[in-house]
Structure formats: structure tokens, C-alpha cells
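Thanks for coming. I have one structure to go through today, so please have the sequence and the coordinates open.

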Amino acid sequence: MIYLIYIYYNLLGHNFVRGDRILKASKYTSIRFKILYISCIFTLIIGIVITCVSYILFQKNYYKNLTNSINTNLTYLSEHIDSEMSSIDQLATYCHSSSVITSYVESSLESTPKRLNAYNVLSEYRQNNLYSKYLYRIVITSNAGSFIQSIASEYSSVADIARELPKQPFYEELQSSPMDYSYGFITDPFYTARSNSVLPLLKPITYKFKNDVGGYIFLEISSKLFADAIQSYGNDLPGQLVLTLGSHHYLYEDKSFHEISDFGDCIAITHPLRHSGCSVTHMMKKSQTLADISAFFPLAGFTFAILVAITMILNSLLDRTITRPVHEIQNRLSKIASGDFSRDKSIEWDHELGDIGKKVNDLAENIKLLLDSELKSEKEKQDLEYKVLQSQVNPHFLYNTLNSIKWMAVTQGATGISEMTTALARLLKSISKGTRLLIPLKDELSLLQDYFTIQQYRYGGTLHINIDIPDKLKEYLIVKFTLQPIVENAIFHGIEPTGREGNIDININEYGENDLEISVRDNGVGMSDELIEQVLSGEESSGSEFFREFGIINIQKRLQHEYGKGYGIKIDSVVGEYTTMTVKIPKQK
């Protein structure tokens, strides 16, 4: 909670001054927010990584310890069960090797003393066995059809075991596998009053002096032999125990065994018994192998607390080394915006932000110099405008003088002088008035017509011009003084060198939906490809003395500057025949 309050204060409590206003920095764009944001993300990611890695190691160690504990307990349990089973095996071996029991097996049915002696020996063996309470029944049968048995009184029966035993389903299998524990538990076939779960065992008894089988030792071992051993196991570990006898798996639950088909989707740790096919297994669900995560919370909390503390310390250091200097630079910029261009040495620290502070001070000084220079330029501009205003008196004086000449020519009947004077006055007036870059085509053609009138009188009427333009195109705009230099170029460099009459044809047409094409064609000397390249590159001057600054290359540059590289002048010529200059411009009204 303290850390969250700290972050809130740092994010929303950041102000700085600009001029006479107090501005609140955006909590999403300030450096402080970004540092805190990155620190929080970094803390969260590192905390999660450390917690996950620690939990994985903790879980791995827990599983290892759990497995070791289970293996240790299973070792003790299997040794206990092995000792019980060995004791049972030893009892069967005693009975097999007893001469008294062997004599009984070899005797006839009428040999009562031998039968009695064999019974006494059998009872003594049973009583002396440590696990006699788990031996529900031990029977000696002979081929002669007789049998003796030692049995707990509560499980006695009147069944003729010598006759009934060979009929049991387990008999043939146990004949071929003496003392085989893998047959599994069955219900006691000779005592039906109660459902007693017993393990049947069979061992043959051979004659003394030959290997023929004279009888069998039959034992019924209670399942409690294994249940009590598992009960004493005292399992405090998660999971359940399974006893495996051959192909049978018995789950120990509620102090009894329940047969199961397999272990299912569980983790099983198995320890084999000395008898083939028998084992004890500790079976656990996968969820039971996971350590209790609540026990891991203190470690995770401690880890996050350490990371939060480190983050707060780092944030404090970053605030002192970055955020505060940035605020001071912001304040300095605010003062500059308010007109204070003095140098502030306090922001020129000995690190990267100090370099920025030095640049800010340099910027302030440069702005001051620039403002001083701008004031000087403004004063010079005002002086120049005054001089231009004065110079405008001369064109007005020239217009009035030409107008007087015109009326004198009219009075004296000199119409040529009148027309030339009028054309020249209009031409000079167009040159000197206005600052518009774009004018309608009709105005550009009118200017061109005035210029051509003067040239017609100069060449004695040997020049002819033909202008073909649809009325709907006359209002489209063109860069001022585009056509006059082209026509002048046609007269001086195309027609005049021929020494004959010259014709200039001007056609204006639409080009596609958005452009216009203006073609100026003369019947002059023509141009070679090399000369065309020189004209368009500016290597050859094509302007007259009067319009020298408006040469072909200058027109080309003005058009492309105004409209783009896709527009301008294109020249097509055949030497000795013609030259056509085509101007492409966009439609603009």
C-alpha cells in the first residue's frame, strides 16, 4: 500500500512553471511516469520470474524428498512383508522335510498312529510360527485320500478337503507353481459362513526314497497378513498403497484390499518383493505430488518486498539524477519563452543532461542574436520598400510620356507609331505592376499580343502569328511570362536566321482530364538534338536583352517549381523545317 501511494504521488504530483502559468505534466508522457512504469513492469517481471523459478526448484526438491521418503518406507514395508512370507515358506519347508509327515503321506488310511503323530507335528509347527494367526488353514493330503489339518477353531469345517481340493480352480495352476503367491486372493472355499479373503498356496510332498509326489501341503493365508503389515507402515505421506500379486493389483483402503485393474493416470513408485511377481507400490495422483503453495507465499512475499525496496531506491536515484535536472531545463525553456535569454550556468552539469543544458543556453544566446538580426533586417526592408515606392514614380512618368506620344501620333495620323506606343505601354505596365505569379491564359495571350505587335513593326510585317484557343480554356491559369520568351526565342533564333517570312502557330488543347498542352510552332531553322539539350539545360542563352532573365531554362524551372517534375517544356524540331515547343501545365482556374 505504501508503495502504491508513493507511485501515485510521483505520477500525479509533478508540476512545472511556464511563463506565468503552472502546467501539469501529463502522467502518461512525463519521464517520471515512464521511469516508474518501466520500474513497476521490471519489478513485476523479475518478481514473477524469481517466484516461478524458486517455486519450480522448491517443487522439484519437494518431489525429490517425497520420493526418497516413499522409497525408504517402501523398503521397510517390503522387508517386513518378505520376512512374513519367508516365515510361511519356512513352515512349508519344515512340513515337507518332516519324516513324521512324510511317513503319514506314505501310510494307508488305517494307520491311525502315524496320522495322529503327523497331526501333532503339524499343529506344533503352526503354533510355533510367528505368523500363525494369519494361517487360517494348513492341510496335509495324501494320495490315499486322507488328510489332516491344523486350523483356527472359528474356521473349522467338515469338508472332505482331500476330495474337494483337486476340484478347486487354482489347484492345477498351483501344482505347477509351488508356493506361488501370484495367484491372488480368493474367498475361502472350505468355509462359506464368512467371506474370508485368503491366499492359497500349494507345495508337493515326495516319498522318502523316491521323487514321486505322495501328497500336498495346502495353506490358506489371510489377507490380513499383508493388511496389518501395511497398517503398521503408518503412512503419513500423500497417496495410497497397492499390493501386487502376479497380475492382480490390490488397493489398500479402509483397512482392506480392493482389486483394481491398473494404476490409471497416477505416479507409481514400486518396490519389488523377493517372491517373483509380487511388489508393493505407493500410488499418488499428480496433484498430490505438488507442494502446498500456501507454504511458498512467505518466500514470494519476501522476494517482492525486496524488489519493491530496490525499485524505490532506484526510482529515488533516477529522480535525483534525471527527473529533477529535466524539470530545471523545462523551467529554463519557460524563461526563454518568456523573453529571458540570459545564460544560466546552474543547468550546465557534468553529465549528459548538462550538455543539453549548455545547448539550451547556446540556443538562448543564438535566439537573441537572431532577433537582433531580424530587427535589423526589418529596418532594412522598410528602407527598401520606401525606395521601391520612390522608384514607382518613374514608370508612371514613362506611361504618361508614352500616352502623350500616342496622342501626338494619332493627331498626325501616324497609326503605326500609335499602335507601337500603346503596345509598349501595356507591356511595360504588365511587367511593372502586380506580384501575381499565376494569371489567366487570356491575360497571358494579351501580353503576348502586345509584344508581337512591336516585333511586327520591327520586321516590317514579315512575321505572322496564329493563336487557336477554345473559349472554355481561356480562364485557366498559367505562370506569368511563360509564352513571351518562347515566342521571342522562335523569332530571334528560329525565323530571323532564315531571312524569310515567319509563321508562329500557337495551339492550346486539353491533355487528358487534368492537364493542358500549349504548343508554339515556328517555321525557322530548326534545332539539333544537341542544341535542344543545351537549351533545356541552360547552357545556351535564349533570351533577349530586355527579357534575359526569362530564358527557356528559367521558364522550365519556374514551371517545374510551381507544378512539379511532371510538367514543363518539351522541344521537338527538325533542322531546316520547324521547331515546336510544347508546354504542359495542369488545369487550374
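The protein exposes about 33100 Å², and carbon and sulfur atoms supply 55% of that area. Keep in mind that this is a predicted model. Of its 589 residues, 41% are buried. By secondary structure, the protein has 15 helices and 19 strands. On contacts, take those between residues at least 6 apart in sequence: 65% of them join residues at least 24 apart.

Next, confidence. The mean pLDDT of the protein is 80, and 83% of the residues reach 70 or more.

Staying with the surface for a moment: which residues make the nonpolar patch of about 660 Å²? They are Tyr37, Ile38, Ile41, Ile45, Val49, Val53 and Leu57. Val53 is found in helix 2, which covers residues 31–97. With a relative accessibility of 44%, Val53 counts as partly exposed.

Now to a strand on the inside. Strand 12 runs over residues 278–285, and seven of its eight residues are buried, so the rest of the structure largely encloses it. What does strand 12 pair with? One partner is strand 8, residues 240–245, antiparallel over six bridges; there, Leu241 has His282 of strand 12 as its bridge partner. Another is strand 11, residues 266–272, antiparallel over seven bridges. In that pairing, Ala268 is bridged to Met283 of strand 12. Strand 11 and strand 12 form a hairpin with five residues between the strands, and Gly277 in this hairpin takes a positive phi near 85°.

Last topic, salt bridges. Side chains of opposite charge can pair when their charged atoms come close. The count here comes to 13 salt bridges, and I will go through some of them.

Glu365 pairs with Arg343, with the closest N and O atoms 3.2 Å apart. Glu365 sits in helix 9, residues 352–391, and Arg343 in the loop between helix 8 and helix 9, so the pair ties together parts that are 22 residues apart in sequence. Both ends are partly exposed: Glu365 has 34% relative accessibility, and Arg343 has 31%.

Lys442 and Glu475 form a salt bridge as well, at 3.1 Å between the closest N and O atoms. Lys442 belongs to helix 12, residues 441–458, while Glu475 is in the loop between strand 14 and strand 15, so this bridge ties together parts 33 residues apart in sequence. Lys442 counts as partly exposed at 41%, and Glu475 counts as partly exposed at 40%.

The side chains of Glu510 and Lys587 meet at 2.4 Å, N to O. Glu510 is in strand 16, residues 502–511, and Lys587 is in the segment after strand 19, so the parts tied together are 77 residues apart in sequence. Glu510 is partly exposed, with a relative accessible area of 39%.

Note on methods. Residues are numbered from 1 along each chain as its sequence is written. Side-chain values use heavy atoms; hydrogens and water are left out. Patches are made of residues with over 30% relative accessible area and no salt bridge: like charges are joined within 9 Å, nonpolar side chains (Val, Leu, Ile, Met, Phe, Trp, Tyr) within 5 Å. Accessible areas come from the Shrake-Rupley method with a 1.4 Å probe; for residues, only the protein chains shown count as cover. A salt bridge is a side-chain nitrogen of Lys or Arg within 4 Å of a carboxyl oxygen of Asp or Glu. Helices (H or I, at least four residues) and strands (E, at least two) are DSSP runs, numbered from the N terminus. Buried means under 20% relative accessible area, exposed over 50%, partly exposed in between (1.4 Å probe, protein chains only). Two strands pair if DSSP finds at least two bridges between them. pLDDT is the predictor's confidence in each residue, from 0 to 100. Contact means heavy atoms within 4.5 Å.
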